[in-house]
Amino acid sequence: MNEYDSNRIGDIVKDIGYEKSKDQNNADCYVINTCHIRDKAKEKVFHEVGRIKKNYSNKKKPIMIIAGCVAQAESEEILKREPFIDVVIGPQSYHKINKILDNFQKNKKADETEFDTISKFDFLENVKNSDNNVSSFLTIQEGCDKFCHFCVVPYTRGPECSRPFRTIIKEAEELIKNGAKEITLLGQNVNAYNFYQNDNEFKISNLLNELEKYSELKRIRYTTSHPVDMTEDLIECYKTNKKLMPFIHLPIQSGSDKVLKLMNRKHNVEHYVNIYNKLININPSIKFSSDFIIGYPGEEKDDFEKTLKLVNEIKFINSFSFIFSSRPGTIASKLKEVDEKISKERLIMLQSILFKNQINHNKSLENKEIDVLVENKISGQNKYFGRNEYFNSVIFEADKKDIGKIVKVNIENSNQNTLFGKIKNNMKAA
Ligand code: SAM
Ligand code: SF4
């Protein structure tokens, strides 16, 4: 979502004569768009600002803006601690950047961290999305009302807010005109998307089915989804929607019901496994990935073993796993943490299984022809980058004219993160 937001900031400032600089070391204005989900984010911000500051010691000072969730959560401290920073803008206020820059030039420091989601989206409706990537992001929903006890999102991104259905479709049309062949719908809880107009309810399933109608669009994805919002209409899309990719990022966090309850997750393991089974029954080739938090306060050996059991049963092909990071203001931040050494050992154990499954999945694609959407040429190499249906990275020999096409690639080898191969000549898939 930060990538989407950064692109939109780039679109907005065009109106006052700014454009994205190609030179990281020579810019009139820097915007650092930050994430606050785990600890150390704030320190990374000060480190990055320090790096830029050093580079400008004998040049005209650029305007330094900190945007995103760290700005939202730590605005006062940021401005106090580093005078080189001029402006902080929260994720729901970035549409005001032009006015803020104008005020700043009139010598005012700015702290803009109001929650104003609707007016942000209203404002963005009139700003053309210039993203011209083959695979583009499109935010449909923001914020969260679920308040998992470990998570800062409800505090930094604010309450759940869904964009109007027609506005999303209009922006998708812009992206398709710009050359998008794949669109990933985004939201902190993307499948909680819910918009009412004239007594009509629009859900994510309606968006997926509407997007399917655009012939130039070849692939549709969405992320990140929550198990509680995997409703029947969304599951049904996997039977009917030909462009919906057979890969679902569906975080479970832990394989222990006790820990899920402590986390305030609002689902248990059985609920998750039921969704998994329903989807696998519809299409056995659907693959899953997940997020895991290890060492959550109260996680005991037996709870952790349940997580190991789960990942031995469901062969996630790609997952994010981290040790619990205490976030200021959350309920979990007041709880007694699991010993760091134990958490580290557990994480290593979990990751060894997750990585083995990931490697096995990649190996299973070797010596096979797979459909790859060609995204771009890799800079400095005579190779191209694309992704298969399961969102695996693929690096292969191709031609410039293949960019934007789905081609058949013969996979010759693989490692944990990437598949390598060659385009099968005269075997274009689409
Ligand atoms: N809304 C999605 C869900 O609940 O399934 C996930 C979105 S959340 C922004 C992304 C991931 O960050 C979570 O799934 C969780 O694993 C991780 N995360 C959030 N807070 C964390 C914390 N305090 N410590 C470690 N990981 C955390
Ligand atoms: Fe955070 Fe996801 Fe929980 Fe919302 S549902 S609080 S975004 S982890």
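I started with the surface of this predicted model: the protein chain has about 20700 Å² of accessible area, 49% of it on carbon and sulfur atoms. That area is from Shrake-Rupley with a 1.4 Å probe.

Next I looked up burial, and 52% of the 430 residues come out as buried, meaning under 20% relative accessible area with a 1.4 Å probe and protein chains only.

I noted the bookkeeping: residues are numbered from 1 along each chain as its sequence is written, and chains are lettered from A and ligands numbered from 1 in the order written. Local features need pLDDT of at least 70 and side-chain atom pairs 80 or more, while totals for chains, interfaces and linings use all residues; side-chain values use heavy atoms, without hydrogens and water.

I then counted secondary structure and got 13 helices and 19 strands, taken as DSSP runs (helices H or I, at least four residues; strands E, at least two). The radius of gyration is 22 Å, close to the 22 Å from the globule rule for 430 residues, so the chain is as compact as a globular protein of that length. Both go by C-alpha atoms and 2.2 Å times the number of residues to the power 0.38, respectively. The C-alpha trace spans about 60 × 55 × 50 Å along its principal axes.

I found 20 residues of domain 1 in contact with 25 of domain 2, contact being heavy atoms within 4.5 Å.

Methods
Buried means under 20% relative accessible area, exposed over 50%, partly exposed in between (1.4 Å probe, protein chains only).
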